[in-house]
Amino acid sequence: MPRVNAPLPAHRRPIRELPDELISQIAAGEVVERPASVVRELVDNALDAGATQITVRLQAGGIRLISVEDDGIGILREELPTALKRHATSKIASLNDLEAVDTMGFRGEALAAICSIAEVSVLTRTDEGAAHGWLLDGRSGELQPTARARGTTVEVRELFFATPARRKFLKSESTELAHCIEAVRRHALARPEVGFAIWHDGKLVAQWRAVAPDLAGGEHLLDALRRRLADVLGEEFIENAVAVNWPASDVPGEEATAGGQQRLRVWGFAGVPDAARSRADWQFAYVNGRFVRDKVITHAARSAYEDVLHGHRQPVYALYVSIDPTRVDVNVHPTKIEVRFRDSREVHQAVRHAVEGALAAPRSAQTLPVTGPLSATPTETPASTFLAPVPRQQPLPWRPEAPQAGQRVSDLEALWRPAERIAAPLDAPDIRRAEPVFAPTPATQEAPAPLPDGEWPLGRAVAQLHGVYILAENAQGLVVVDMHAAHERIVYERLKQQLDAHQIASQPQLIPATFAATPEEVATAETAAEVLAQLGLEIVPFSPRTLAVRAVPTTLAAGDPVELARSVLAELSQHDASTVVQRARNELLATMACHGAVRANRRLTLDEMNALLRQMEVTERSDQCNHGRPTWRQLGMKDLDALFLRGR
């Protein structure tokens with residue numbers, strides 16, 4: 001067998017310092033990926049300068065020219081040469097400043113990195129008694145007077161001319177232009193008070209006018225944000241979204257402090273489940289005004305949709321998190337698109353609760369307009385309706401009964417019965433399954449009254465179709481309700497209320513199931529024993545590298561205990577414990593609710609159908625069943641007229 005020679009050692013090279021220009025080019029490789037990266041950095045600086053109008057001019061998708069013009073405070077003449085040096089910035093001066101960054105830019109390396117790979121010039125003027133502006137050539141350092149209004153214009157020409165190999169990796173001009181527009185769009189979504197315009201090859205390709213919130217005149221920041229979202233993402237987005245404002249007592253954008261620190265706030269707009277998309281391309285998250293891609297926020301938002309989203313659809317949202325700058329590290333990535341929270345659990349819970357609360361109110365309970373067409377979806381209520389609080393209607397007077405000893409929890413009929421004072425038609429035995437309790441109410445509680453226009457939001461039942469659908473008439477036209485899906489949600493929400501203060505029942509294993517566990521799984525089982533008990537699980541160490549499953553939830557006793565234990569431990573190790581408990585509990589209750597809901601082909605009386613409609617109007621998340629499918633659809637008169645060509 002031939003002998004394989006060992007590789008010869010590489011030629012010894014001396015250790016030496018890199019030249020400044022090469023250092024800047026290396027930094028540019030981290031900061032500048034494509035023209036859009038330059039656009040993002042320059043717009044960051046313009047916003048930090050207090051700009052109210054930003055104009056971006058591009059040529060060849062930003063490869064030939066990127067010009068960002070603003071009306072900010074400008075740069076002093078004596079500071080201009082310093083502005084293009086490495087690690088030169090006015091944003092921070094000490095470690096304390098770095099730990100409490102409240103500006104878009106702060107690293108002081110963007111301009112220097114861009115200068116090392118492109119031709120840069122800066123034209124600026126301040127209003128501090130300056131007779132004219134100044135133009136700085138980034139390559140030669142030449143400084144000369146020139147005419148300009150207050151503000152700054154940064155021009156970047158021939159991107160990557162000094163590193164031609166990197167220029168080969170750029171995509172087509174149209175693709176690079178799309179990325180540049182997206183970079184500006186992300187800024188526009190967070191700053192409705194700033195106007196943005198994008199020109200490409202002399203043509204205006206995008207423009208969003210400033211929407212300054214006039215708080216004195218009564219215009220809320222959420223209203224200004226709603227208008228900007230409609231301008232940038234389209235009216236369809238905002239028409240199919242609900243306002244998010246948590247805590248509800250705070251005003252978005254206003255400083256709120258607690259113990260000397262800025263309070264954690266979440267606001268914005270979350271798309272209704274029917275507006276979900278196949279891709280996660282309409283998910284915008286901001287932390288202190290900075291667009292970020294953060295796993296904590298993404299997971300929290302997705303968790304809030306678990307009960308109402310069908311299949312693998314992706315929700316749409318624009319969420320804004322305001323947090324004390326000292327509690328978030330923005331110096332994680334050179335592009336500043338990633339952040340790290342000091343208490344990620346707190347942020348996760350805040351985002352999830354904020355979105356869940358916004359989605360919980362049934363859209364059927366909103367005051368629907370009496371005039372105007374509605375499409376065949378329950379999501380066409382104007383967004384302004386969701387901004388104003390709507391008084392919750394009271395549920396019908398049904399009272400829960402405690403289950404007797406030995407009763408099965410899944411025997412849903414034993415969990416409720418009609419109150420004695422209900423009229424005879426509602427006292428029929430069939431209604432006990434068709435109309436569960438939403439919340440305990442006194443026996444003297446009257447049924448909810450119709451809205452001011454004299455109509456129930458979901459109308460009055462007129463017929464049942466093939467034992468599957470309820471047909472109702474309201475002010476807008478026809479409402480079609482999937483009675484099983486609707487009743488399933490009502491039962492599900494009621495079960496969640498009943499079990500809020502209790503843990504899930506468990507069943508001991510006759511022979512504990514053991515499995516080889518990783519050190520992380522063993523540690524999680526030991527530290528999360530109380531959480532596991534709430535889930536009906538008992539997982540204990542059997543040896544240093546083995547875990548034993550001694551008990552599992554009663555309803556899952558027929559499943560694989562080891563697979564269940566591994567999946568739960570994996571969830572607990574990655575996510576907040578309360579989130580895992582709630583998800584597991586909800587999955588169990590959803591299965592129970594599905595079996596307890598009224599079945600298809602069951603004939604209901606008009607009273608029973610109307611009772612179901614009224615409960616839908618006061619039950620949280622009743623617009624979707626437990627699996628995320630819609631429970632009702634609205635067909636307006638205009639839609640019906642179109643079917644029969646009326647008016648043509």
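Author: Apart from its neighbours within four places in sequence, T126 is in contact with I73, G74, I75, L76 and R150; contact here means heavy atoms within 4.5 Å. T126 itself sits in the loop between strand 3 (119-125) and strand 4 (133-137). Its relative accessible area is 8%, so T126 is buried. For that word the limit is under 20% relative accessible area, while exposed means over 50% and partly exposed lies in between (1.4 Å probe, protein chains only).

A word on what you are looking at: this is a predicted model, where local features need pLDDT of at least 70 and side-chain atom pairs count only at pLDDT 80 or more, while totals for chains, interfaces and linings use all residues. Residues are numbered from 1 along each chain as its sequence is written, and side-chain values use heavy atoms, with hydrogens and water left out.

The elements themselves are DSSP runs, numbered from the N terminus: helices are H or I with at least four residues, strands are E with at least two.

Helix 7 has 18 residues and spans 27 Å from its first C-alpha to its last, close to the 26 Å expected at 1.5 Å a residue; that expectation is 1.5 Å times one less than the number of residues. Among its buried residues are L177, C180, V184 and L189.

How do the strands join up? Strands of a sheet pair through backbone hydrogen bonds, either parallel or antiparallel. Two strands count as paired if DSSP finds at least two bridges between them. Within the sheet, strand 2 (residues 65-70) and strand 6 (residues 151-157) run antiparallel and are joined by 6 bridges, with S67 opposite E155 in strand 6. Strand 7 (residues 195-200) and strand 8 (residues 203-208) are also antiparallel, paired over 5 bridges. There H200 stands opposite K203 in strand 8. The hairpin of these two strands has 2 residues between them, and D201 takes a positive phi near 50°.

Let us also visit another loop, the one between strand 25 (546-553) and helix 17, where D560 lies. D560 has 44% relative accessibility, so it counts as partly exposed. Its C-alpha atom is 9.3 Å from that of A513, 47 residues apart along the chain. Helix 17 (residues 561-574) packs with helix 15 (residues 519-527) at about 80°, their axes 9 Å apart. Helix 15 and helix 17 are therefore roughly perpendicular. The residues making this contact include E520 and T524 of helix 15, and R566 and L569 of helix 17.

Stepping back, the protein chain has 20 helices and 26 strands, and 48% of its 648 residues are buried.

How values were computed: Axes fitted to C-alpha atoms, helices over the stretch in contact; angles between N-to-C directions. Parallel < 35°, antiparallel > 145°, perpendicular 65-115°, else oblique.
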